[in-house]
Amino acid sequence: MPIKAELHCHIEGAASPDLAVSQARKYNVDLSALVRDGGYVWHDFTSFLAAYDVVAGLFRSEDDYVRLADHYLSSLARDGAIYAELFVSPDHARKAGLSPEAYIRALAEGMQRAAAKTGIESRMVVTGVRHFGVEAVEAAARFAARSRHPLIAGFGMAGDERVGDMEDFVRAFEIAREAGLGITVHAGEFGGWESVAAALDHLRPSRIGHGVRAVENTDLVKRIADEGVVLECCPGSNIALGVFPSLADHPLPRLLQAGCRVTLNSDDPPFFRTSLAGEYEATRRAFGFDERTLTSFTQTAVEAAFVDRKTRAQLL
Ligand code: ADE
Ligand code: ZN
(Lines give C-alpha, C1' and ligand atoms only; values in the text may rest on other atoms or scores of the structure.)
(Ligands and ions follow the chains in the order given, each with its own letter.)
Protein backbone atom coordinates (compact mmCIF):
# COMPACT_ATOMS: atom_id res chain seq x y z
CA MET A 1 0.00 0.00 0.00
CA PRO A 2 1.67 3.30 -1.04
CA ILE A 3 2.04 6.09 1.49
CA LYS A 4 -0.47 8.84 0.69
CA ALA A 5 -1.00 12.57 1.12
CA GLU A 6 -4.08 14.62 0.27
CA LEU A 7 -4.29 18.29 -0.68
CA HIS A 8 -7.92 18.59 -1.73
CA CYS A 9 -10.75 17.55 0.56
CA HIS A 10 -13.62 19.74 1.79
CA ILE A 11 -14.16 19.01 5.47
CA GLU A 12 -17.98 19.28 5.38
CA GLY A 13 -17.92 17.09 2.25
CA ALA A 14 -16.00 14.45 4.18
CA ALA A 15 -18.87 13.77 6.61
CA SER A 16 -19.97 10.18 6.17
CA PRO A 17 -23.72 9.53 5.78
CA ASP A 18 -23.64 7.70 9.14
CA LEU A 19 -22.15 10.74 10.85
CA ALA A 20 -24.65 13.03 9.08
CA VAL A 21 -27.55 10.83 10.23
CA SER A 22 -26.24 10.92 13.78
CA GLN A 23 -25.97 14.74 13.62
CA ALA A 24 -29.48 14.97 12.12
CA ARG A 25 -30.85 12.96 15.02
CA LYS A 26 -29.09 15.27 17.46
CA TYR A 27 -30.69 18.37 15.88
CA ASN A 28 -34.00 16.79 14.97
CA VAL A 29 -33.54 17.21 11.21
CA ASP A 30 -35.26 14.89 8.71
CA LEU A 31 -32.54 13.57 6.37
CA SER A 32 -34.67 10.93 4.64
CA ALA A 33 -34.62 12.75 1.28
CA LEU A 34 -30.85 13.17 1.39
CA VAL A 35 -29.57 9.83 2.66
CA ARG A 36 -30.80 6.65 1.04
CA ASP A 37 -29.27 3.14 1.13
CA GLY A 38 -26.32 4.48 3.09
CA GLY A 39 -25.39 7.11 0.47
CA TYR A 40 -26.14 10.76 -0.28
CA VAL A 41 -28.81 11.54 -2.88
CA TRP A 42 -28.07 14.18 -5.55
CA HIS A 43 -28.13 14.11 -9.36
CA ASP A 44 -26.00 16.93 -10.79
CA PHE A 45 -23.50 19.61 -9.72
CA THR A 46 -26.22 22.03 -8.59
CA SER A 47 -28.03 19.43 -6.47
CA PHE A 48 -24.68 18.19 -5.16
CA LEU A 49 -23.85 21.72 -3.93
CA ALA A 50 -27.29 21.94 -2.31
CA ALA A 51 -26.84 18.54 -0.61
CA TYR A 52 -23.40 19.66 0.58
CA ASP A 53 -24.96 22.77 2.18
CA VAL A 54 -27.56 20.65 4.01
CA VAL A 55 -24.89 18.32 5.40
CA ALA A 56 -22.70 21.29 6.40
CA GLY A 57 -25.70 22.72 8.28
CA LEU A 58 -25.73 19.66 10.55
CA PHE A 59 -22.44 20.69 12.18
CA ARG A 60 -23.31 23.48 14.57
CA SER A 61 -21.17 23.30 17.70
CA GLU A 62 -17.45 23.12 18.41
CA ASP A 63 -17.90 19.50 19.52
CA ASP A 64 -19.47 18.65 16.15
CA TYR A 65 -16.46 19.98 14.24
CA VAL A 66 -13.94 18.35 16.59
CA ARG A 67 -15.67 15.05 15.88
CA LEU A 68 -15.82 15.65 12.11
CA ALA A 69 -12.12 16.50 11.70
CA ASP A 70 -10.98 13.70 14.03
CA HIS A 71 -13.27 11.19 12.28
CA TYR A 72 -12.08 12.05 8.76
CA LEU A 73 -8.37 12.38 9.50
CA SER A 74 -8.28 9.18 11.54
CA SER A 75 -9.90 7.31 8.64
CA LEU A 76 -7.42 8.90 6.23
CA ALA A 77 -4.53 7.74 8.41
CA ARG A 78 -5.95 4.21 8.33
CA ASP A 79 -5.87 4.54 4.52
CA GLY A 80 -2.10 5.16 4.75
CA ALA A 81 -2.06 8.98 4.64
CA ILE A 82 0.69 10.89 6.43
CA TYR A 83 -0.49 14.40 5.54
CA ALA A 84 -3.73 16.17 4.62
CA GLU A 85 -4.93 19.65 3.83
CA LEU A 86 -8.56 20.38 4.62
CA PHE A 87 -10.59 23.00 2.77
CA VAL A 88 -12.50 24.78 5.52
CA SER A 89 -15.34 27.20 4.98
CA PRO A 90 -16.02 29.88 7.61
CA ASP A 91 -19.15 30.82 5.62
CA HIS A 92 -20.67 27.39 6.11
CA ALA A 93 -19.84 27.51 9.82
CA ARG A 94 -21.41 30.96 10.18
CA LYS A 95 -24.56 29.79 8.41
CA ALA A 96 -24.68 26.92 10.91
CA GLY A 97 -24.44 29.41 13.79
CA LEU A 98 -20.77 29.15 14.73
CA SER A 99 -18.21 31.96 14.59
CA PRO A 100 -15.23 31.48 12.25
CA GLU A 101 -12.90 31.61 15.27
CA ALA A 102 -14.78 28.85 17.11
CA TYR A 103 -14.95 26.78 13.89
CA ILE A 104 -11.16 26.96 13.37
CA ARG A 105 -10.50 26.25 17.06
CA ALA A 106 -12.70 23.15 16.91
CA LEU A 107 -11.24 21.82 13.66
CA ALA A 108 -7.73 22.35 15.06
CA GLU A 109 -8.69 20.33 18.15
CA GLY A 110 -9.99 17.50 15.91
CA MET A 111 -6.79 17.65 13.84
CA GLN A 112 -4.65 17.46 16.97
CA ARG A 113 -6.67 14.52 18.34
CA ALA A 114 -6.24 12.60 15.08
CA ALA A 115 -2.51 13.42 15.09
CA ALA A 116 -2.12 12.18 18.66
CA LYS A 117 -3.79 8.87 17.77
CA THR A 118 -2.32 8.22 14.33
CA GLY A 119 0.56 10.63 13.67
CA ILE A 120 -1.20 12.25 10.68
CA GLU A 121 -0.11 15.86 10.03
CA SER A 122 -2.71 18.28 8.69
CA ARG A 123 -3.30 21.91 7.85
CA MET A 124 -6.30 24.05 6.90
CA VAL A 125 -6.90 25.98 3.68
CA VAL A 126 -9.54 28.65 4.32
CA THR A 127 -11.89 28.56 1.36
CA GLY A 128 -14.17 31.21 -0.09
CA VAL A 129 -17.30 29.98 -1.84
CA ARG A 130 -17.53 31.52 -5.30
CA HIS A 131 -21.31 31.50 -5.62
CA PHE A 132 -21.66 33.27 -2.26
CA GLY A 133 -20.24 36.32 -4.07
CA VAL A 134 -17.14 38.51 -4.28
CA GLU A 135 -17.79 40.19 -0.92
CA ALA A 136 -18.05 36.85 0.90
CA VAL A 137 -14.85 35.54 -0.71
CA GLU A 138 -13.00 38.72 0.27
CA ALA A 139 -14.34 38.43 3.82
CA ALA A 140 -13.06 34.83 3.96
CA ALA A 141 -9.65 36.04 2.73
CA ARG A 142 -9.58 38.80 5.35
CA PHE A 143 -10.45 36.30 8.05
CA ALA A 144 -7.71 33.91 6.88
CA ALA A 145 -5.20 36.77 6.72
CA ARG A 146 -5.87 38.09 10.23
CA SER A 147 -6.39 34.74 11.95
CA ARG A 148 -2.70 33.79 12.15
CA HIS A 149 -3.77 30.38 13.44
CA PRO A 150 -0.72 28.12 13.11
CA LEU A 151 -2.71 25.40 11.35
CA ILE A 152 -4.11 27.74 8.66
CA ALA A 153 -1.62 27.45 5.80
CA GLY A 154 -3.51 28.51 2.70
CA PHE A 155 -6.41 30.22 1.02
CA GLY A 156 -8.56 28.88 -1.81
CA MET A 157 -11.85 29.26 -3.62
CA ALA A 158 -14.40 26.53 -4.34
CA GLY A 159 -18.06 26.65 -5.29
CA ASP A 160 -19.82 27.11 -8.58
CA GLU A 161 -17.22 27.93 -11.24
CA ARG A 162 -20.00 28.91 -13.66
CA VAL A 163 -20.68 32.02 -11.55
CA GLY A 164 -18.65 35.25 -12.06
CA ASP A 165 -15.15 35.70 -13.51
CA MET A 166 -11.77 34.85 -11.99
CA GLU A 167 -10.85 38.54 -12.31
CA ASP A 168 -13.58 39.44 -9.81
CA PHE A 169 -11.58 37.71 -7.09
CA VAL A 170 -8.17 39.34 -7.58
CA ARG A 171 -8.44 41.40 -4.38
CA ALA A 172 -9.37 38.41 -2.21
CA PHE A 173 -6.35 36.48 -3.43
CA GLU A 174 -4.04 39.49 -3.00
CA ILE A 175 -5.14 39.79 0.64
CA ALA A 176 -4.34 36.11 1.22
CA ARG A 177 -1.02 36.22 -0.64
CA GLU A 178 0.13 39.30 1.28
CA ALA A 179 -0.56 37.43 4.51
CA GLY A 180 1.86 34.71 3.38
CA LEU A 181 -0.78 32.06 2.72
CA GLY A 182 -0.43 29.40 0.02
CA ILE A 183 -2.83 29.88 -2.89
CA THR A 184 -5.05 27.38 -4.69
CA VAL A 185 -8.24 27.85 -6.69
CA HIS A 186 -10.85 25.52 -8.18
CA ALA A 187 -10.73 25.86 -11.97
CA GLY A 188 -11.17 23.64 -14.99
CA GLU A 189 -13.88 21.47 -13.44
CA PHE A 190 -17.17 23.03 -14.62
CA GLY A 191 -15.31 25.74 -16.53
CA GLY A 192 -13.23 24.86 -19.58
CA TRP A 193 -9.53 25.49 -20.22
CA GLU A 194 -10.21 29.25 -20.36
CA SER A 195 -11.12 29.14 -16.67
CA VAL A 196 -7.76 27.55 -15.79
CA ALA A 197 -5.89 30.13 -17.90
CA ALA A 198 -7.82 32.97 -16.23
CA ALA A 199 -7.03 31.57 -12.76
CA LEU A 200 -3.30 31.47 -13.59
CA ASP A 201 -3.34 34.94 -15.18
CA HIS A 202 -5.33 36.75 -12.50
CA LEU A 203 -4.97 34.82 -9.23
CA ARG A 204 -1.44 33.34 -9.61
CA PRO A 205 -1.98 30.11 -7.63
CA SER A 206 0.77 27.54 -7.13
CA ARG A 207 -1.92 24.83 -7.29
CA ILE A 208 -5.18 24.41 -9.14
CA GLY A 209 -8.14 22.49 -7.70
CA HIS A 210 -8.98 19.99 -10.47
CA GLY A 211 -7.50 21.88 -13.45
CA VAL A 212 -8.15 18.82 -15.56
CA ARG A 213 -9.96 20.63 -18.37
CA ALA A 214 -6.66 22.34 -19.19
CA VAL A 215 -6.31 19.24 -21.36
CA GLU A 216 -8.57 21.02 -23.91
CA ASN A 217 -5.65 23.31 -24.86
CA THR A 218 -2.16 21.92 -25.51
CA ASP A 219 -0.45 25.31 -25.06
CA LEU A 220 -2.03 25.63 -21.63
CA VAL A 221 -0.95 22.11 -20.65
CA LYS A 222 2.60 23.06 -21.65
CA ARG A 223 2.36 26.25 -19.59
CA ILE A 224 1.21 24.29 -16.52
CA ALA A 225 4.08 21.82 -16.96
CA ASP A 226 6.66 24.58 -17.58
CA GLU A 227 5.53 26.68 -14.62
CA GLY A 228 5.32 23.66 -12.29
CA VAL A 229 1.74 24.42 -11.27
CA VAL A 230 0.40 21.47 -9.29
CA LEU A 231 -2.94 19.93 -10.23
CA GLU A 232 -5.13 18.65 -7.40
CA CYS A 233 -6.79 15.92 -9.45
CA CYS A 234 -9.95 14.27 -8.08
CA PRO A 235 -10.85 11.64 -10.69
CA GLY A 236 -13.66 9.95 -8.71
CA SER A 237 -15.33 13.31 -8.14
CA ASN A 238 -15.05 14.17 -11.85
CA ILE A 239 -16.69 10.90 -12.90
CA ALA A 240 -19.46 11.13 -10.26
CA LEU A 241 -20.25 14.73 -11.28
CA GLY A 242 -20.18 13.87 -15.00
CA VAL A 243 -17.16 16.02 -15.94
CA PHE A 244 -15.88 12.95 -17.85
CA PRO A 245 -17.98 9.92 -18.77
CA SER A 246 -15.66 7.29 -17.25
CA LEU A 247 -12.27 6.87 -15.63
CA ALA A 248 -10.91 5.57 -18.94
CA ASP A 249 -11.70 9.02 -20.42
CA HIS A 250 -10.08 10.95 -17.58
CA PRO A 251 -7.13 13.12 -18.71
CA LEU A 252 -4.90 12.39 -15.71
CA PRO A 253 -2.50 10.09 -17.64
CA ARG A 254 -2.28 12.59 -20.52
CA LEU A 255 -1.49 15.44 -18.13
CA LEU A 256 1.15 13.32 -16.41
CA GLN A 257 2.65 12.32 -19.75
CA ALA A 258 2.84 16.01 -20.73
CA GLY A 259 4.96 16.72 -17.66
CA CYS A 260 2.31 18.24 -15.37
CA ARG A 261 2.74 17.82 -11.62
CA VAL A 262 -0.26 15.76 -10.51
CA THR A 263 -1.69 14.77 -7.13
CA LEU A 264 -4.57 12.42 -6.24
CA ASN A 265 -7.43 13.58 -4.01
CA SER A 266 -10.92 12.60 -2.89
CA ASP A 267 -12.69 16.05 -2.87
CA ASP A 268 -15.92 15.07 -1.00
CA PRO A 269 -15.34 11.34 -0.57
CA PRO A 270 -18.67 9.95 0.70
CA PHE A 271 -20.66 12.10 -1.76
CA PHE A 272 -18.79 10.40 -4.59
CA ARG A 273 -18.55 6.97 -2.92
CA THR A 274 -14.77 7.21 -2.89
CA SER A 275 -11.82 7.61 -0.52
CA LEU A 276 -8.20 8.62 -0.93
CA ALA A 277 -7.14 4.94 -0.95
CA GLY A 278 -9.94 4.29 -3.46
CA GLU A 279 -8.49 6.95 -5.80
CA TYR A 280 -5.02 5.40 -5.67
CA GLU A 281 -6.48 1.94 -6.30
CA ALA A 282 -8.90 2.99 -9.08
CA THR A 283 -6.22 4.86 -11.03
CA ARG A 284 -3.77 1.98 -10.54
CA ARG A 285 -6.35 -0.36 -12.05
CA ALA A 286 -7.59 1.95 -14.83
CA PHE A 287 -4.23 3.26 -16.00
CA GLY A 288 -1.82 0.52 -14.89
CA PHE A 289 0.15 2.89 -12.65
CA ASP A 290 2.96 1.14 -10.82
CA GLU A 291 4.00 1.73 -7.19
CA ARG A 292 6.59 4.32 -8.28
CA THR A 293 4.01 6.44 -10.12
CA LEU A 294 1.55 6.23 -7.22
CA THR A 295 4.28 7.25 -4.78
CA SER A 296 5.17 10.18 -7.06
CA PHE A 297 1.64 11.58 -6.51
CA THR A 298 2.32 11.55 -2.76
CA GLN A 299 5.76 13.07 -3.23
CA THR A 300 4.31 15.87 -5.38
CA ALA A 301 1.58 16.51 -2.79
CA VAL A 302 4.14 16.89 0.00
CA GLU A 303 6.29 19.17 -2.19
CA ALA A 304 3.25 21.33 -3.03
CA ALA A 305 1.82 21.34 0.51
CA PHE A 306 1.36 24.71 2.19
CA VAL A 307 2.99 23.39 5.35
CA ASP A 308 6.14 24.96 6.86
CA ARG A 309 9.52 23.84 5.57
CA LYS A 310 10.55 21.98 8.71
CA THR A 311 7.40 19.83 8.81
CA ARG A 312 7.66 19.16 5.06
CA ALA A 313 11.23 17.90 5.54
CA GLN A 314 9.99 15.49 8.21
CA LEU A 315 7.32 14.15 5.85
CA LEU A 316 9.63 13.52 2.91
N1 ADE B 1 -17.26 22.34 -2.98
C2 ADE B 1 -17.21 21.07 -2.56
N3 ADE B 1 -16.91 20.24 -3.58
C4 ADE B 1 -16.75 21.01 -4.68
C5 ADE B 1 -16.42 20.75 -6.04
N6 ADE B 1 -16.18 19.52 -6.49
N7 ADE B 1 -16.36 21.79 -6.88
C8 ADE B 1 -16.58 23.04 -6.44
N9 ADE B 1 -16.89 23.34 -5.18
C10 ADE B 1 -16.97 22.33 -4.30
ZN1 ZN C 1 -13.07 20.61 -4.42
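These are my notebook entries on one chain, read from a predicted model.

**Confidence**

I checked the scores before anything else. The chain averages a pLDDT of 98, and 100% of the residues score at least 70. The model has an ipTM of 0.98 and a pTM of 0.98.

**Overall fold**

I counted elements next. The chain holds 14 helices and 10 strands. Its radius of gyration is 18 Å, close to the 20 Å that the globule rule gives for 316 residues, so the chain is as compact as a globular protein of that length. I then took the extents along the principal axes: the C-alpha trace spans about 50 × 40 × 40 Å. Buried residues account for 52% of the 316.

**Strand S1**

Is S1 buried or exposed? I went through residues 4–10, and seven of the seven are buried, so the strand is largely enclosed by the rest of the structure. I looked for its partner. S1 runs parallel to strand S4, residues 81–88, and five bridges join the two. One pair I noted is Glu6, whose bridge partner in S4 is Ala84.

**Glu189**

In the model I find Glu189 in the loop between strand S7 (182–187) and helix H8 (193–203). Why does Glu189 count as buried? It has 25 other C-beta atoms within 10 Å, and the cut-off for buried is 20 or more. I then listed its contacts, leaving aside neighbours within four places in sequence. They are Glu161, His210 and Val243.

I place Asp268 in the loop between strand S10 (261–264) and helix H12 (276–287). With 27 C-beta neighbours inside 10 Å, Asp268 counts as buried. Which residues does Asp268 touch, not counting those up to four places away in sequence? I get His10, Gly13, Ala14, Tyr52 and Ser237.

Asp267 is in the loop between S10 and H12. Its phi is positive, near 70 degrees, in a residue other than glycine. Asp267 counts as buried, with 29 C-beta neighbours inside 10 Å.

**Asn28**

Asn28 has a positive phi too, about 60 degrees, although it is not a glycine. I find Asn28 in the loop between helix H1 (17–26) and strand S2 (35–36). Is Asn28 buried or exposed? It has 6 C-beta neighbours inside 10 Å, so it counts as exposed.

**Glu109**

I located Glu109 in helix H5, residues 100–118. Glu109 has 17 other C-beta atoms within 10 Å, so it is partly exposed. I took one distance here.

**Helix H13**

I tested the length of H13. The helix has 14 residues, 291–304, and at 1.5 Å a residue it should span 20 Å. Its end C-alpha atoms are 20 Å apart, which agrees. I then noted which of its residues are buried: Leu294, Phe297, Thr298, Thr300, Ala301, Val302 and Ala304.

Notes: Residues are numbered from 1 along each chain as its sequence is written. Chains are lettered from A and ligands numbered from 1 in the order in which they are written. This is a predicted model: local features need pLDDT of at least 70, side-chain atom pairs count only at pLDDT 80 or more; totals for chains, interfaces and linings use all residues. Helices (H or I, at least four residues) and strands (E, at least two) are DSSP runs, numbered from the N terminus. The expected span of a helix is 1.5 Å times one less than its number of residues. A residue is buried if 20 or more other C-beta atoms lie within 10 Å of its own, exposed if 12 or fewer, and partly exposed in between; C-beta atoms are placed from the backbone. Two residues are in contact if their C-beta atoms, placed from the backbone, lie within 7 Å. The radius of gyration is taken over C-alpha atoms; the globule rule is 2.2 Å times the number of residues to the power 0.38. pLDDT is the predictor's confidence in each residue, from 0 to 100. Two strands pair if DSSP finds at least two bridges between them.
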